[in-house]
Amino acid sequence: MDEIKEGIQVLKRISPIRKFCMTLPENLNVKGEMDLAQVFRTSMVYPSNLPPMILKDHLNMVLPAGKRPEDMGICFMSAEAVVSLARAYRTKTAGHEKILTVIGKQGTSYRVSATIGTPLRRIFNTFSIHVNDHDRLIIGGPMKGFSTYTVHHPVQPDMDTVLVQDRDTVPELSDNPCVNCGKCIRVCPARIPVNILVRYLEAGLYQDASDRYDLLSCIECGLCAYVCTARIPIYQYIRLGKHELLKLNADA
Ligand code: SF4
Ligand code: SF4
């Protein structure tokens, strides 16, 4: 907590920012007082910890479709980044260490401090995690993560979680059509008609997906894909759709 305060003091010195807020999981016991920032307690239920939800639940601000928090004058930083800033100012050296969670095939998780650039292979070796062909390495956790195809992938400054899935337990995606079970709609925090949206995205109708079915209101929590009965990779379709839409608009 002391280093977070130190980092906030640095931010106050080097930027025009005057208001600081800090979110803490509701069940986390923290030693020390935080007098430099307003503290919000966030629910442990995902996706309460995502920036658009924090804006809505604690600052009473709704992120407009297609906008980022920065467009509203709000910047999110991890506590780790604030601490790194404090250390960099104190020691006059750049921070090279990153703390990440590595989850092995049996679900055991390890907190690791690694130098940025370290190949993941070295971390796996340290914890005797054996990665075989066709095992899946997911960077970023089960909801929003992306796969990497090499154990030589380096630790990066924004890497928080690495998950190793055994090839025998990797859930298969399918090309099954939507069965209209409605789970995706019920779970969506942005209240998007996901079952219809995904049909437009599958058909490559990105502009219609945006104009008529709220593609840009998606906060990319990944819950719809997680619950989908037909195992449609909805989250990936949404990311692709937003990317293609950006390209279309840039071309225009
Ligand atoms: S990822 Fe899916 S569930 Fe999450 S906001 Fe977007 S459409 Fe809704
Ligand atoms: S969860 Fe999947 S199968 Fe069910 S309505 Fe949504 S897209 Fe269709």
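Student: Which residues does Arg 136 touch, not counting residues up to four places away in sequence?

Tutor: Arg 136 touches Ser 147, Leu 163, Val 164, Gln 165, Val 170 and Pro 171, where contact means heavy atoms within 4.5 Å. This is a predicted model, in which local features need pLDDT of at least 70, side-chain atom pairs count only at pLDDT 80 or more, and totals for chains, interfaces and linings use all residues. Residues are numbered from 1 along each chain as its sequence is written, chains are lettered from A and ligands numbered from 1 in the order in which they are written, and side-chain values use heavy atoms, with hydrogens and water left out.

Student: Why is Arg 136 called partly exposed?

Tutor: Its relative accessibility is 27%. Buried means under 20% relative accessible area and exposed over 50%, with partly exposed in between (1.4 Å probe, protein chains only). Arg 136 therefore counts as partly exposed.

Student: How does the shell around ligand 1 divide?

Tutor: Into eight nonpolar, one polar and one charged. Ala, Val, Leu, Ile, Met, Phe, Trp, Tyr, Cys and Pro count as nonpolar, Asp, Glu, Lys and Arg as charged, and the others, Gly among them, as polar. Glu 220 is one of the residues around ligand 1, and Glu counts as charged.

Student: And how does the shell around ligand 2 divide?

Tutor: Into seven nonpolar, four polar and no charged. Among the residues surrounding ligand 2 are Cys 178, Cys 181, Asn 195 and Thr 229.

Note on methods: A residue is near a molecule or strand if one of its heavy atoms lies within 4 Å of it.
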